[in-house]
Amino acid sequence: MAQGKPTNKDAYSLILEAIDVGVYKPGDRLVESDLAERFGVSRTPIREALQRLETQSLLARDGRSLIVSSLDHNQMAELYVVRTELEGLAARLAARHATREEVRVLQDMVDEDHKLVDSPSALARSNRRFHKQIHLASHNRYLVQQLDLVHRSMALMATTSIAAEGRSSDTLVEHQAIVDAIASRNEDGAYGALKDHISQAFVTRLRQESES
């Protein structure tokens, strides 16, 4: 039996993932026909996916075209305030609820990431997986949903703070502190370590912005 056409959700997920991994960057124009050809999807679900992404403010109008949105300084600051609190809560809940296997996975991720110190782009991708693992270890589905929305908006930032000089090594040190707190069931420590980690990333990003 021939496989059916991808659903609207498939088209949406494909475009969202392409934005998330940097295939399409802030300011890039998205064209229905190009997307349909790239992903092997008909133009109707592509069109509906683009409308959904525009509604979520991940795309913006530029005349008659749709482009990947970008965040100004104030939007970025507001996003980091929300991200810091939600991520901190996720770490606190992970310290309370994470299974031994989930803690082991987090530690394995940090250990493996030491091989990626000289590859900021690879470390940035692994960093997203690390944070997602903490979200899941919170065992709170509603918090995971809200953090998914926050991280979609993070994709609208043109650069990753990990690309800054020295930030790769610092990131791993901060990740280890988070894992140590979660493993020892130190809820306040996990909350504080995660918030400090996000705050350092924000300071680095502000420095990148001022230098660009």
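Author: In the chain, 76% of the contacts with a separation of 6 or more are between residues 24 or more positions apart, a contact being heavy atoms within 4.5 Å. The model is predicted, so that local features need pLDDT of at least 70 and side-chain atom pairs pLDDT 80 or more, while totals for chains, interfaces and linings use all residues. Residues are numbered from 1 along each chain as its sequence is written, and side-chain values use heavy atoms, without hydrogens and water.

Reader: What makes up the secondary structure of the chain?

Author: The chain has 9 helices and 3 strands. Helices are DSSP runs of H or I with at least four residues, and strands are runs of E with at least two, numbered from the N terminus. The order from the N terminus is α-β-α-α-β-β-α-α-α-α-α-α.

Reader: Why are α4 and α7 called oblique to each other?

Author: The axes of α4 (residues 73-97) and α7 (residues 141-154) come within 10 Å and cross at roughly 140 degrees. Angles under 35 degrees count as roughly parallel, over 145 as roughly antiparallel, 65 to 115 as roughly perpendicular and the rest as oblique. The two helices are therefore oblique.

Reader: Which residues of α4 and α7 make the contact?

Author: Among them are L79, Y80 and R83 of α4 and L143, H151 and M154 of α7. The contact residues divide into 11 nonpolar, 3 polar and 2 charged.

Reader: How much of the chain is buried?

Author: Buried residues, those under 20% relative accessible area with a 1.4 Å probe and protein chains only, make up 41% of the 212 residues.

Key
Axes fitted to C-alpha atoms, helices over the stretch in contact; angles between N-to-C directions. Nonpolar A, V, L, I, M, F, W, Y, C, P; charged D, E, K, R; others polar. Buried < 20%, exposed > 50% of the residue type's maximum accessible area, 1.4 Å probe, protein only.
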